Structures are given as structure tokens and as C-alpha cells.
Amino acid sequence: MDYRKAGVDIEAGYQSVELMKEYVKGTARPEVLGGIGGFSGAFSAAALKGMENPVLLSGTDGVGTKLKLAFLMDRHDTIGIDCVAMCVNDVACAGGEPLFFLDYIACGKNYPEKIAEIVKGVAEGCRQAGAALVGGETAEHPGLMPEEEYDLAGFAVGIADEKDLITGADIREGDVLVGIASSGVHSNGFSLVRSVFEMTRESLDTYYDELKGTLGETLLTPTRIYVKALKAVKEAGITVKGASHITGGGFYENIPRMLPEGVRAVVEKGSFPVPAIFRLLQEKGNIEEKVMYNTYNCGLGMVLAVDAADAERTMEAVRAAGEVPYLVGHCTAGEKGVDIC
């Protein structure tokens, strides 16, 4: 008896590391010390120099049941982008610059090529966010997970000067809301998605004219990463008073998280286009509109609160970063919360 016969292939683990090295190298920042394969990832604290009061920010998340679609479609090269996005977007919401990222992959069986494809996506997400992939872990769990399945999670660490933190404390009546377009469902609400659509390869391969692609391709579209957009707004000299990453809980849970007491947000439904996948999901599942806005981003992956005088400049900066902005509402006096009308 040996470890391989017990279900854990150490040699496959070594091969996975070799296959992913080229992707990891592509995410390196000047602060990265050493290479892949050490017991820990080393990152120079030089980024803290020059700040009045440096603050470390962190975010951790996974991809959730969106992974089920990756299994069914045997497509594993984009799911890592989702994992990174869920973490770094939260760091950016607080005004931080993501510095580095680590991932954790738990699998029933280590298939080196599949693990390398997952890490390829993680590395691409890190590249989009400007963060270094400094380490990770692949854990083989025979008997605990089916051989063909895996789970993916990770965490990001970022930095900001305390004076640049986005807290929402200064949001006032009259401030406006600038929404940034999502790429689709992103990485939340897939348990409901899987209840509405039949989860078979045939169903996922079905082409829909309104989607301009197959259902599976549309649903697997990676989460947008908004780090560069928020950085562009800051570099334009604009103060972002509040930022909300529209994830699980949709508008109703996430927008109030950036608001101070006594301020209410008003989002105007006709101010931004709702992607076809949400309309199809709502129609097929007979889902109430409020449930949609309480579960999904419905077309807006990030919402910023800025002074009304800064609205146009904010949108110009977002466009310059390659994203699509919309003026989607305003803030008013009232009980902390959000109205969608």
C-alpha cells in the first residue's frame, strides 16, 4: 500500500505545478520575492512607503455552484477569473489596490492539465487586476469529492492610504449613482439558474438568438474586474464617496452597505440596459422582478456614489478604463436602503 493506491497522486501534484508555472510568472509584480514552489509567497512591503497611514485590505471568496456548469461543459479556463474578481472587486470597493492573490483548489482527483487550466484563469484574473499570484494550494480529496469535481476559492490582499479609503460616510442627499456594466450573471445566483434551466450538456449547448450564443457560453462568461476602472476614477482626481460590488443579494443587499444612516439610494430601472440572459432567466423561471433585483446584478456589476458635479468626469474615466458606465440614480434623505423604480 502507498499514498497513490490510497487515492492521492503526489507525482500528479508535481506535474500540476510545472504546468502552471508559466501562467503564474505572467502575473509577477516588482515586489514579488522568490518563485513558485516555496512554503509561502513573499511580497515586499515597499508598496507601503510614501503613504501617510497605509492600510491593508483583504477579500476572500469562491465561485459557488457556477462550477457545476464548468464540470458539465468541461471548460475550466475562465472560472479562475471569477474567483479573482469576487475578491479583488471587494478590495477595490474600499479604495484599495490589490497587491497579491492566493488560490485554493480542492479536487477529487488531481488531473494536472485540468488544474493548470484552472490556474490559467486565476492568472488571467490577476493580470486584469494588476495583482501577483504568489502562491496557492491544490488538495486531492479522494473519497470526499467525486473524481471529476473540484472547488475553487481564494483571497486577495491590497493596500490603501487611510485618507483614500472609500467608506460611504460622506454620501449625502443629491449625490448621484454611476453604475458600471456587468458581463452577465457573474458568480452569484447559480443555484436559482440551475433550477430554472435544465443542467445537461444539450441544454447548455442550445443556441439562443437573444443571447447571440449558447446558454452555457453566456452563463460561463467571467465576472468583470473593476480594479482598473476605480483606479482610473481616482487618478482623474475624483472622490468616490461610496462603492458597491453587486454580488449575492443583488441591489437590495449590496447598495445599502455603502450608505450612511439617513441616506437612501434611488436606482432608475430604465437608466441602464438589462442583458438578455436576465430577461430569459426571469421569463423561463417565472421570477418576480423584486426577486431578480434581490438576487442578481441585472446588468450593473458595480455602483459608485459621487458628487453630482463629478458625474460626467467619473463616466469618462470609467470609459477610458474600458468599461461601460451609466448614470443610474441618485441619493436622497430617508431611511437607509434602496428604491428601484
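Mentor: What follows is a walk across the interface between the domains. Keep in mind that this is a predicted model.

Start with the layout. The protein is divided into domain 1, residues 3-164, and domain 2, residues 175-340. Their centres, taken over C-alpha atoms, lie 25 Å apart.

Now the interface itself. Domain 1 brings 27 residues into contact with 29 residues of domain 2. Between them, the two domains bury about 2,400 Å². Carbon and sulfur atoms carry 67% of that area. Three residues stand out on the domain 1 side: K66, L69 and M73. They supply 26% of the area that domain 1 buries against domain 2, more than any other three residues.

Look for a salt bridge between the side chains of D164 and K234, with N to O at 3.5 Å.

Which elements build the side of domain 1 that touches domain 2? Those giving two or more residues are α2 (67-73), α3 (79-93) and α4 (112-129). The largest share comes from α3, with eleven residues. Sort that side of domain 1 by class, and you get 15 nonpolar, five polar and seven charged residues.

Then find K66, L69 and M73. Finish at the salt bridge of D164 and K234.

Key. Residues are numbered from 1 along each chain as its sequence is written. This is a predicted model: local features need pLDDT of at least 70, side-chain atom pairs count only at pLDDT 80 or more; totals for chains, interfaces and linings use all residues. Side-chain values use heavy atoms; hydrogens and water are left out. Domain bounds come from an automatic or database domain assignment. Contact means heavy atoms within 4.5 Å. Buried area is the accessible area (1.4 Å probe) that two parts lose on being put together, summed over both. A salt bridge is a side-chain nitrogen of Lys or Arg within 4 Å of a carboxyl oxygen of Asp or Glu. Helices (H or I, at least four residues) and strands (E, at least two) are DSSP runs, numbered from the N terminus. Ala, Val, Leu, Ile, Met, Phe, Trp, Tyr, Cys and Pro count as nonpolar, Asp, Glu, Lys and Arg as charged, and the others, Gly among them, as polar.
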